[in-house]
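Hi there,

Here is the structure I promised to pass on to you. Have a look at it first, and then read my notes below.

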Amino acid sequence: MLLPLLFLKKFIRLASLLFAVCILSFFLVNKSPVDPIQAYVGADMMRVGPEQREKIAEHWGLDKTPVEQFYHWSSAIVRGDFGTSMIYRQPVLDVIKDKFIYSFALMLAAWILSGVIGFLLGIIAAVKRDSWIDRLIKLYCYTLASTPAFWIGILLLLIFAVGLGWLPIGLGVPAGVLTEEVTVIDRVRHFILPAITLSIVGVVNVALHTRQKLIDVLQSDYVLFARARGEKGFSLIWRHGIRNIALPALTLQFAAFGELFGGAVLVELVFSYPGLGQATVEAGLRGDVPLLLGLVIFSTLFVFIGNLLADLIYLVVDPRTKEREAI
Amino acid sequence: MSSMMKMVKFSIQPFISLNGRQRSFMTLVIVSLLLLCVILGGLVLSNERIATDLGNRNLGPSLAHPFGTDWLGRDMLTRTLKGLTLSIGVGLTAAAASVTIALILGMLAATMGKVVDSIISWLVDLFLSVPHLVMLMLISFALGGGIKGVVIGLALTHWPSLTRVIRAEVMQLRSAEYVEVSKRLGKSRWFIGRKHLFPHVAPQLMVGLFLLFPHAILHEAAITFIGMGLSPHQPAIGIILSESMRYLSTEMWWLAIFPGLSLLLVVRSFDIIGEHLRSRLDPHRAHD
Amino acid sequence: MPLVEVDDLSVSFKQYTKGFKHKEVKVIHNLSFSINAGEIVAVVGSSGSGKSLLAHAILGILPRNANVSGTIHYDGKELTPSLQEKLRGKELAFVPQSVNFLNPLMEVEKQVRGALKGKDSFKTQKEIFEKYNLSTDVEKLYPFQLSGGMARRILVSTAVINKAKFIIADEPTPGLDQTVVKEALSSFKAFADNGTAVMFITHDIQSALSVADKIAVFYAGTTVEVAPVEDFTGSGERLRHPYSKALWRALPQNEFRPIPGSQPKGDELPRGCLFAPRCDMTTTECLEHLPEKRVLRNGMVRCIHAT
């Protein structure tokens, strides 16, 4: 198939999925028994009379039918207006922008760290297959795969913040300090534990995948023949193993954006790290519908971008797809 | 010293001399016993042990309270076991529902023609495109939290991957000769599905159930930890761990360590059973 | 003195059966043959009979779970794993059956150069490509882009680049068109003329007969007969083993009569002669012991009835 056509098809699919996510999440949120007016007013609910209630409802368009509301909301979205967050009293897009910088730093660090470490662990395990180090790596991966991410965060807090006192217990910046006075070192100190927690969890998939792929490659006919030609040791593994498995591993890492985001939600909550994840939890718990919807759409886009990048890499790097393009 | 070494060596020997399959069978037995103990413990232990007992507050681990007690004097071991039992119940219900969805959609996708197939594949993509946890939060939010919200949320988010597996399996079976013959003989789709396809897919479903379960239970713990899952009045690991966060700086480490570790063991146990079943079913891995 | 001498070679694998038991599956057993410099020996047997593993055993590239016994001598020295590692890709070369043995994600020139390092390797590789009529654009191609004939020449050139003394070719002629087969066979002939020993593993008895000096007949994991190629003539009366005779007679230009029955599998080998269940000369003695190999009329045979 021609490359542009392939992209067009992908794009249409993405657009249709995104639209469906919008509909689905809008009507789910609409069904919620959580009273959006109470969410807006917060603790002052007792002092709000029925007239004020109606006014607020009118202001948010809550007096209309769901379909009308959806039309209203979605046409605003198309214009780039995601509404105003009820808890932050700011445009949703601004909230997301502010918070995303924090989350992006966290996820990027964890993404790179877990990718590199996971890849290395996978290679070591595969090359030393069935040795004690392979067993150790497998044990680590299988154990971690069965461990809730937030519990790892709690453990690290117990050890490094409470027990040893090396690192602060929470918050992206020290409490009670003005934003301008926060130093880079403060930020880094508050960043280390969340990033490590997220990386520890992220290592598992890459490591197990890399291990299996490399074992498959090492048992392949072409490695057999390479050995018959006298290739051996690290050069053999590099030329035929690592070069061939790096691409699938990278693809896997890109396709794992969804899990990365989910992990970030939990880790940010444990460490009171002021990112998107915490905003999602807040929005969910306190019924901030516009923010929740904005975050669902944003996280979906985030996953899409990951998948798209994964596809792109294959198209650009794999010689076999280049050939398809030429035909 | 040397006689000690000999003894150790001697006692390890029988286990090592088992071959791979025997060892994996032993692991299976041990793991199943462990799970049985957890569930029995959760069901049998009396609620009195988790009643407020202000005389026994904030106790560290001891013989009477192996996991310690919390700030209300509740026995943490009992709370953990009851929490785990509840989680296993929730996880199994949700996983079973997910497997059912996967079975129906997978069979439909494979047998009802191209249009249905592409619709279902689109649905699979749809549910994979929102991060799992975010989708769970959304569904839980829509249903107002609680057990119902969690079970439905888990059931609705865990079916996509298994659906693909079942679809592929049924596709392969469908072209098998005996199914073709059955079709020519004018048997109904329902008959073919029930008599020929389902028996082959059933083992996959069993494996699917055990492999989905760990995900389900971890997600249940996560959503409850966030505060959008089971209610704080129910004994749940997510609740226990979320409470433990408040006492982190008081050095009451047992509040977080033991419940978390127990959850880890239970999840891993189900994983082991699932892996074992799969390797038994998959001839490619049978000789590992 | 032969260049390579394989004596009593056995290769087996462990496999799980039902339940917790496992058993030994013998893929190759008590196999013996030898090959001289400048000679072509064809190892002929039906497909899927474990012939490839013989090549892997000589090169020392069997899977890790394989058990090997017996001895292999190369140039008078015992071919130990460390010697195998030293000689692989240098004096010992392997030509695999298909393009699938090339790394799908690497240009062919890099693979032909293989473990060879330094500036000279580029020069040598270019010379060889020229010799085998491979144009310079072929160098940068990936394996999946090669035509059947090109692939074969590439595979052969991997063996030539190191001036091997012993070349093992595994099924070099499956499903290729006649010109390619001829080309492949003539390249082996050329090696032998230059003093290289060639072991040629195949199920294609016709092409084996057209180039080989000796034929080793492979049955159920062992060589039942080694015969000079001239003995394959007439109705096979000069052949020694009943299986070789049957194989010869089964050829289309002879009687074209298939041999009834099938080869025993590696995990259910008969106790006595491996061919006994399908042989019409079977006596009670055949069923009791595996016949010892013996020298007969300038060849080798494992049959007590052979004359």
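**What I found**

Let's begin with charge: chain C carries 38 positive and 34 negative side chains, and the centres of these two sets are 4 Å apart. Please keep in mind that this is a predicted model.

Staying with chain C, how many helices and strands are there? The chain has ten helices and twelve strands.

Next comes overall shape. The C-alpha trace of chain C spans about 65 × 50 × 40 Å along its principal axes. A compact globule of 307 residues would have a radius of gyration near 19 Å, and chain C has 20 Å, so the value agrees with that expectation.

What share of the residues of chain C counts as buried? The figure is 53% of the 307 residues, where buried means under 20% relative accessible area.

Among contacts in chain C with a separation of 6 or more, 63% are between residues 24 or more positions apart.

Now over to chain B. An unreviewed UniProt entry places the feature "transmembrane region" at residues 84-110, 197-218 and 252-270 of this chain. Residues 84-110 of chain B are 100% helix and 0% strand, with end C-alpha atoms 37 Å apart. Residues 252-270 of chain B are 89% helix and 0% strand, and there the end C-alpha atoms lie 29 Å apart.

Happy exploring!

Key:
Residues numbered from 1 in each chain as written. Chains lettered and ligands numbered in written order. Predicted model: local features only at pLDDT ≥ 70, side-chain atom pairs only at ≥ 80, totals over all residues. Heavy atoms only, no water. Helix = DSSP H or I, 4+ residues; strand = E, 2+ residues; numbered from the N terminus. Rg over C-alpha atoms; globule rule 2.2 N^0.38 Å. Buried < 20%, exposed > 50% of the residue type's maximum accessible area, 1.4 Å probe, protein only. Contact = heavy atoms within 4.5 Å. Lys, Arg positive; Asp, Glu negative; His and termini not counted. Charge placed at Lys NZ, Arg CZ, Asp CG, Glu CD. UniProt positions renumbered as here; feature names shortened; annotations may be inferred.
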